[in-house]
Amino acid sequence: MKDHGREHCGLIGVWNHPHAVDKTYLGLYALQHRGEEAAGMVVSDGREFTVWKDLGLVGDVFSPEALARLRGRHAIGHTRYSTTGSSVVANVHPLVGRFGADGEVAVAHNGNLTNALQLRAALARQGAIFQSTTDSEVVLLLLARARGRGLADRLRTVLGQVRGAFALLVLAPDSLVAVRDPQGFRPLSIGRIGRSTVFASETCALDQMGARHVRDVEPGEMVVVTSRGMRSSRIPSISGRELPAHCVFEHVYFARPDSVLYGEPVHLVRERMGEALAREHPVDADCVIAVPDSGNSAAVGYSRASGLPIEIGFIRNHYVGRTFIQPRSAARGQKVEIKLNVVREVVRGKRLVVVDDSIVRGTTARARVRYLREAGAKEIHLRITFPPVKYPCFYGIDFPTSKELIAARLSVARIRSSLGLDSLGYLSVDGMLSAVGRPPSHFCAACVTGRYPVPVEAAMRKEAVEAR
Ligand code: SF4
């Protein structure tokens, strides 16, 4: 069981490129960390769509034969981890519908719609038939019913009804539309490859696609790309909140450190978090080690601010995918840690500062502390760049229920003793937000503060807290 929140997905869009399929594939590969359950691609030749999607990693879903079947100069792609809807092919994005004069339309979504259950119930009363159990399908069904001149006009009507977190790519035969919700919970960037326009959830994908990062899609912006060029407009906001609410956990854990997120390089933000952590929780120790990969940048910052040397204490096995099967010994309670191995020569007899990004259930942290002890560590001082996670996320990150969140049940002192640590220090909310390079009021930190920037419908809270 993975002991982190999990991301909903990653998006790629390409408009008017002769190698749109290859570019989308490369982009999806770079966004694999944002969703490991399924992947899909819809490609348009300006008249018809070809679609390929399946459960699995990007490299498994898109065989050379599958890629060869996809033809056209325009494409959208998606990597998925389900936060709503189960893991079946019907739920894999992009979702495709056919609407009268507009022809086919494909939708790829990153985030969670906080009023999806309400909208779904209303659509069901009108006789709508659902093909999937994802919240994103309501966008497609509302689009089919919306009035307006052309896709952008109809989409604007739909976006006046949905609430919550959405970065969307919508592909039609004559246009590609990119939208971010008015709070900009999830990232979405615009790039250029020559005269082609591309979109990606993270800029690391633009790099892989050979694209230049032009700018981000702004919170509340709709960008429409057609053969006549790119047009930008604002979408209606129904949340009642005017300020952005970027997900701060993207900076702490999800985004790749080689991405630029909300205008700031992730690596530098994490370094600053590590520096703040050293100031807030100093300790007399021999060296700093990171829990790779997401702890690496913060460990550099901690080392710099504390003056303690940084060492490589864990080695990561990069070949562990979702296909790894725990051997039968796991059934006897001897879980095998295959992902990280301790470098005994580094940790033996040392007083260690261990820097990690977050503690969710505490199961992984407890196991790693045990491995470090077994390798001869003298003292273990765990330092965490994300404050204690106590509340669920309704905006596209899948944390376990409150019952399973260790910080929702135990004080920091109790967590320290439960994990077998000599000391434990979490970065404060203020310390974390001081590192992000933008006004703290422009970020969401609801999973640590309990202050939700956009209202969540009661049924969704109940479902997320009790039933997941
Ligand atoms: S609740 Fe937490 S994980 Fe969810 S959007 Fe806000 S900061 Fe991100």
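This is a predicted model: local features need pLDDT of at least 70, side-chain atom pairs count only at pLDDT 80 or more; totals for chains, interfaces and linings use all residues.
Two packed helices are described by the angle between their axes and the distance between the axes. For helix 5 and helix 6, the axes come within 9 Å and cross at roughly 120°.

The contact between the two helices brings Val139, Leu142 and Leu143 of helix 5 to Arg154, Leu155 and Val158 of helix 6. By class, five residues of this contact are nonpolar, one is charged and none is polar.

Helix 6 spans residues 150-159, and its buried residues are Leu151, Arg154, Leu155, Val158 and Leu159. These residues lie on the same side of helix 6, because the arc they cover around the axis is only 140°. Besides helix 5 (137-145), the buried residues of helix 6 pack against strand 7 (103-110), strand 8 (167-172) and strand 9 (175-180).

Elsewhere in the chain, Ala375 occupies the loop between helix 12 (363-374) and strand 23 (379-384). Ala375 counts as partly exposed because it has 18 C-beta neighbours inside 10 Å, whereas a buried residue requires 20 or more. When neighbours within four places in sequence are left aside, the contacts of Ala375 are with Val342, Arg344, Val347 and Arg348. Val342 stands 33 residues from Ala375 along the chain, and the C-alpha atoms of the two are separated by 7.2 Å.

Technical notes:
Residues are numbered from 1 along each chain as its sequence is written. A residue is buried if 20 or more other C-beta atoms lie within 10 Å of its own, exposed if 12 or fewer, and partly exposed in between; C-beta atoms are placed from the backbone. Helices (H or I, at least four residues) and strands (E, at least two) are DSSP runs, numbered from the N terminus. The arc is that of the directions from the helix axis to the C-beta atoms. Two residues are in contact if their C-beta atoms, placed from the backbone, lie within 7 Å. Axes are lines fitted to C-alpha atoms, for helices over the stretch in contact, and angles run from 0 to 180 degrees between N-to-C directions. Ala, Val, Leu, Ile, Met, Phe, Trp, Tyr, Cys and Pro count as nonpolar, Asp, Glu, Lys and Arg as charged, and the others, Gly among them, as polar.
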